[in-house]
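Subject: Handover of a structure and findings

Dear colleague,

Please find below the structure that I am handing over to you.

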Amino acid sequence: MNIGQASKASGVSQRMIRHYEKIGLIPPPPRRGAGYRDFDNSDLHRLRFIANARDLGFPIEEIRTLLGLWSDNCRSSAEVKRLALARAGELQRKAEALTAMQRTLVDLAERCHGDERPDCPIIAELAGGHR
C-alpha cells in the first residue's frame, strides 16, 4: 500500500511516517517502479505501536528502546515495566507542575478586580513585580 493508505490505516499522518522513516523508527519500505513507498502489514503494526507509545507520552528515544524490546522475543518484561513506571513518574511530575500553574493563575485572577483600573496582579506577576 502507498503512504496515503498506510496513513489512513495506521492513523499516523504522512508527514510523521516520513519523519519516522527519516529518523530510523521505521525501516525504509521498498519502492515501487514509480518510486512510491510500498508499505505492508508489518509496517502498519510498527506505526500503530509508535502512535500508541506517543499517545502515552513516550519520547522518541524511549520508543526506539521499546521497539527493540518489542522485537526481542527473549526480552525481560522487567525492562518494559521499568520504562513504563519511569514515564508514569515523569507524567505525574508534569501533572503536578500543571496543577500548580493552574492554581497560580486562578489565584491571580481572583485577586484581579477586572475593571477599568490599570492595577492588575496578573500583569504585576508576569512583570516580576515591576511595572
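The findings are set out below, from the overall form to single residues.

Please note that this is a predicted model.

Overall form

The secondary structure consists of 6 helices and 0 strands, and from the N terminus the order of elements reads α-α-α-α-α-α. The radius of gyration is 23 Å, well over the 14 Å given by the globule rule for 131 residues, so the protein is more spread out than a compact globule. Along the principal axes, the C-alpha atoms occupy a box of roughly 70 × 40 × 25 Å. Of the 131 residues, 22% are buried. Among contacts with a separation of 6 or more, 42% are between residues 24 or more positions apart.

In soluble globular proteins, nonpolar side chains tend to be buried together. In this model, the largest nonpolar core comprises 20 residues, and those with the most contacts inside it are Ile17, Tyr20, Leu25, Ile26, Ile50 and Ile63. At least two residues of this core come from each of helix H1 (3-10), H2, H3 and H4. Ile50 illustrates the packing: apart from neighbours within four places in sequence, Ile50 is in contact with Tyr20, Leu25, Ile26, Ile63 and Leu67.

The aromatic pair

How many aromatic pairs does a search of the whole structure find? The search returns 1 aromatic pair. Its members are Phe49 and Trp70, which are stacked, with 4.4 Å from centre to centre and 15° between the planes. The pair links distant parts of the chain, as Phe49 belongs to helix H3 (residues 41-55) and Trp70 to helix H4 (residues 60-71), 21 residues apart. Phe49 is partly exposed, at 22% relative accessibility. Trp70 is likewise partly exposed, at 37%.

Cysteines

The count of disulfides is 0. The closest cysteine sulfur to that of Cys120 is in Cys112, at 3.5 Å; a disulfide requires sulfur atoms within 2.5 Å, so this distance is too far for a bond. Cys74 is exposed, with a relative accessibility of 73%.

Beyond its neighbours within four places in sequence, Arg87 is in contact with Leu56, Gly57, Phe58, Pro59 and Glu62.

Ser7 is part of helix H1 and is also buried, at 13% relative accessibility. Apart from neighbours within four places in sequence, the contacts of Ser7 are with Val12, Ser13, Gln14 and Ile17; Ile17 is one of the core residues with the most contacts.

Asp40 lies in the loop between helix H2 (14-22) and H3. Asp40 has a relative accessible area of 40%, which makes this residue partly exposed. The C-alpha atoms of Asp40 and Ser71 are separated by 17 Å, and these residues are 31 positions apart along the chain.

With kind regards

Definitions and conventions. Residues numbered from 1 in each chain as written. Predicted model: local features only at pLDDT ≥ 70, side-chain atom pairs only at ≥ 80, totals over all residues. Heavy atoms only, no water. Phe/Tyr/Trp six-rings, centres within 6.5 Å; stacked < 30°, edge-to-face > 60°. Helix = DSSP H or I, 4+ residues; strand = E, 2+ residues; numbered from the N terminus. Buried < 20%, exposed > 50% of the residue type's maximum accessible area, 1.4 Å probe, protein only. Core = buried A, V, L, I, M, F, W, Y, C linked by side-chain atoms within 4.5 Å. Contact = heavy atoms within 4.5 Å. Rg over C-alpha atoms; globule rule 2.2 N^0.38 Å.
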